[in-house]
Amino acid sequence: MTAAAQHGWGAPPDGAQAPRGAAGARPDEPADALGALEWPAERLGDALEALALQSGLRPRAVAAPVPTAGHLRSADALGAWIDQAAGHLGIEAEPIAARYDEIDAALLRVAPVLVWLRGGEAPRFLAVAGRKGRDLSVLRADRSTARVPVEALSRRIARPLEAQVLPEIERVLERAGVRPRRLGRARRALLRERLGPVILDGIWSLRVPPGASFQRQVAAARIPRRLLGLLAAHASAYTLWILVWMTVGRSILDDHLDEGWLAAGALLLATVVPLRQLMAWLSGVVAIDSSALIKQRLLAGALALDAEEVRSEGAGRFLGRVIESEAIEALAMGGGVAAVASAFELAAAAVVLAQGAAGATHALLLAAWAVLVVALCARFYRRRARWTAARLAMTHDLIERLVGHRTRLAQERHGRWHHGEDEALSRYLQQSRALDRSQIEIGALMPRGWLIAGIVGLLPPFLAGSGSAAAYAVALGGVLLASRALQGLSAGLSSLASAAIAWEQVSTLFKAAARGGPPPPPLPPDAGRSPARAPAGAAGPDSAGGAEARAPVLEAHELSFRHKGRARPAVTDVSLRIAAGDRVLLEGPSGGGKSTLSALLSGLRAPDTGLLLLNGLDRHMLGAAAWRRRVAAAPQFHENHVLAGTFAYNLLMGRRWPPTPGDLAEAEEICRELGLGELLERMPSGLQQVVGETGWQLSHGERSRLYIARALLQGAEVVVLDESFAALDPETLAQALRCVLRRAPTLVVIAHP
């Protein structure tokens, strides 16, 4: 019997025709199988909170938000509300899109998830808390759970989509004369063939935000429990291993083989094998989960850095930080677990040595040797820090030389191309030799040196003629155990030292992820939007009624901003009012603060003083992401980039990805209006042509128009273009300007006089 049949969720056997229920229900599917588990739209906030609590995400203790009718009008409005509501609760809701033929695997992989059930009279939702095999644990509105086969839920999600093609498929099956017992299988095969690549959305995976405390992230990933299990399994396996040698050794030292002791040793040895397998599995799970958390947090920190911080560091130093982040992932967890496990092994070896011929003296000798190993690891740490600094300096210098290679070829004398390289290499080699000596000392000499020291420690009782053969056997076993423990301790401490040095490089990114306070509650769907947007192409000051008759979109009151490390402010006491439909031209000399003001208006920077409002709301109330959705900016050429990907991705990356057919059609239309039609025809794959450093090379003017199109396609209320027309010839500029004036609801253009 299948799991579906056991729970009463399965479809009837092939050929059995279930009565058709709700519109769009498949002939082989119960109509209201999930009805008792659904959450109504008015309790969507409660569903988010209950799902977070059930999944151990520890949401913030605040009142659950309630969506309004406006939030349920469209998928975009609902997605924005769920994103804001999750942020208000202190969690993150990540939209998930999956192919029709992969929806089962996606649901099993991304739990806990919130699922939007389309196709009914009113929006309904399911809260999936986890999985058990092929079953999903679904949270009811009364906070109890029910097990539902993943196939039942995937069929319910796909029902509205299947309803569009089922009549045609039924006609095909009827004309083909498929036998009744094969009808269900044939129907499912045709649905997979017809709808396989179609993308299904309306699924949100809940997780702890990357900017939350790392302790909370680790707890939500259940790493501490698995780590304790790993250490317990290691301690158990090591203890059993000692007992194996005790039983076998006792049988041998008693001058006769006792079958009972040998059988006990064999059973203990057999028990060690599954424990070793459990250790391997737990160590892999802990390493993968920890690596994912570290990568996620470092990426969030990199995105949270201020533009000035990124600009002052340089590309080479950030590449060095990326390299060091890999070291943290590889060394921190492995080194920490190895050090703790080796410390336990060392303590066990000391206990064994205390029972041997030399007694407590032997154990004290081991303790002194362990202190020596720690001291050598401290020296290794200092040498590794100097070596890392030299390596990162060389990396930074190399990247800077690569970036400026063309400039050096054109302007720098040939005799100075390699100036300073020999000195840097010499310093690096000197630090490398010192580091290699330390690695040999702690990795090879100390464990092997202990074997000699341990045997020397047995000389006093041996020369005195004290101790039995069994006592000497125990002492020798303790020496071997201690040698193995010292080898693991040396490797673990050296790994931790390397991870600590790497941490010094990446801690800035790690801490930057926590910037920003808790977001405000979700706003009404029209909050932050102009109540009366001017039609595209309307001229601002000359339109009927003037600017005074139209609502202000952007308002600035005495804005000031000073770049870090500079005494003179870039922007001082700026006040302005931009109404819906305005076309504003901002001119000024180089260095006058035009681009800084552009960054302030678009939300890329926060003012030091003053008040900046977007439709009456400040940046804190709207949130940085919501502000940037409403104000789109095309920064200056050197601050804008063409990413390695398709031309379509570079156009629509600020709108949505993957795109809809309508997105692609609008992108192509805007490109042709900007004069990029000839480029699209030249590129063999059109919008799907790969561009960037390793793809199709775009000219300076083509890049500028790509950046303009990217800003227009975001659908923002205000478009800010910072010197976007500087690289265009007069004819192309006129064509691009006509497109921008027609498409941008409100426009701010920054240019030189």
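**Entry 1. Helix on a sheet**

I began with helix α18 (residues 594–601), which lies across β8, β9 and β11 and runs at about 55° to β9. Contact here means heavy atoms within 4.5 Å. The angle is taken between N-to-C directions on a scale from 0 to 180 degrees, with axes as lines fitted to C-alpha atoms, for helices over the stretch in contact. Helices (H or I, at least four residues) and strands (E, at least two) are DSSP runs, numbered from the N terminus.

This is a predicted model, where local features need pLDDT of at least 70 and side-chain atom pairs count only at pLDDT 80 or more, while totals for chains, interfaces and linings use all residues. Residues are numbered from 1 along each chain as its sequence is written, and side-chain values use heavy atoms, with hydrogens and water left out.

Three strands form an open sheet in the order β9-β8-β11, with antiparallel pairing; two strands pair if DSSP finds at least two bridges between them. β9 (571–579) and β11 (609–614) stand at the edges with a single partner strand each, so one side of each is left without a neighbour in the sheet. The twist averages 10° from one strand to the next. Strand β8 (residues 552–561) is joined to β9 by six bridges, and E555 stands opposite R577 in β9.

**Entry 2. Confidence**

I checked pLDDT, the predictor's confidence in each residue, from 0 to 100. The mean for the protein chain is 82, and 87% of its residues reach 70 or more. Over residues 1–31 the pLDDT is below 50, and this stretch has 62 contacts in the model beyond near neighbours in sequence. Residues 531–548 also stay under 50, with 29 contacts beyond four places in sequence.

**Entry 3. The parallel sheet**

I traced an open sheet of four strands in the order β10-β16-β15-β12, with parallel pairing. Its edge strands are β10 (583–587) and β12, each pairing on one side only. Neighbouring strands are turned by 15° against each other on average, direction ignored. Five bridges hold the parallel pairing of β10 and β16, and E587 stands opposite A751 in β16.

How far apart are the end C-alpha atoms of helix α24 (residues 700–712)? They are 19 Å apart, which agrees with the 18 Å that 13 residues should span at 1.5 Å a residue. The expected span is 1.5 Å times one less than the number of residues.

I found 12 of the 13 residues of α24 buried, that is, under 20% relative accessible area, with exposed over 50% and partly exposed in between (1.4 Å probe, protein chains only). Among the buried ones are R703, R705 and R710. The cover over the buried residues includes β12 (631–634), α21 (647–652), α22 (661–673), α23 (677–682), β15 (718–722) and α25 (730–743).

Of its 36 residues, F647, L651, L712, L721, F725 and V740 touch the most other members. Elements that each supply at least two residues include α21, α25 and β16 (746–751). α24 gives the most, with six residues. V740 touches I708, L712, L721, F725 and L747, not counting residues up to four places away in sequence. A second, separate core of 34 residues includes L37, A98, V113 and V138.

**Entry 5**

I listed the partners of strand β4 (residues 124–132). Two antiparallel bridges join it to strand β1 (residues 39–40), where W39 has F125 as its bridge partner. Strand β3 (residues 113–117) runs antiparallel to β4 over five bridges, with L117 opposite R124. β3 and β4 form a hairpin with six residues between them, and G119 in the turn has a positive phi of about 100°.

On to β5 (residues 135–139): five bridges join it to β4, again antiparallel. V128 has V138 as its bridge partner. This hairpin has two residues between its strands, and G133 in the turn has a positive phi of about 65°.

**Entry 4. One histidine**

Last, I looked up H362, which lies in helix α13 (residues 360–403). Is H362 buried or exposed? At 1% relative accessibility, H362 counts as buried. Leaving aside neighbours within four places in sequence, H362 is in contact with L353, W450, G454, G457, L458, A475 and V479.

Note on methods:
Core = buried A, V, L, I, M, F, W, Y, C linked by side-chain atoms within 4.5 Å.
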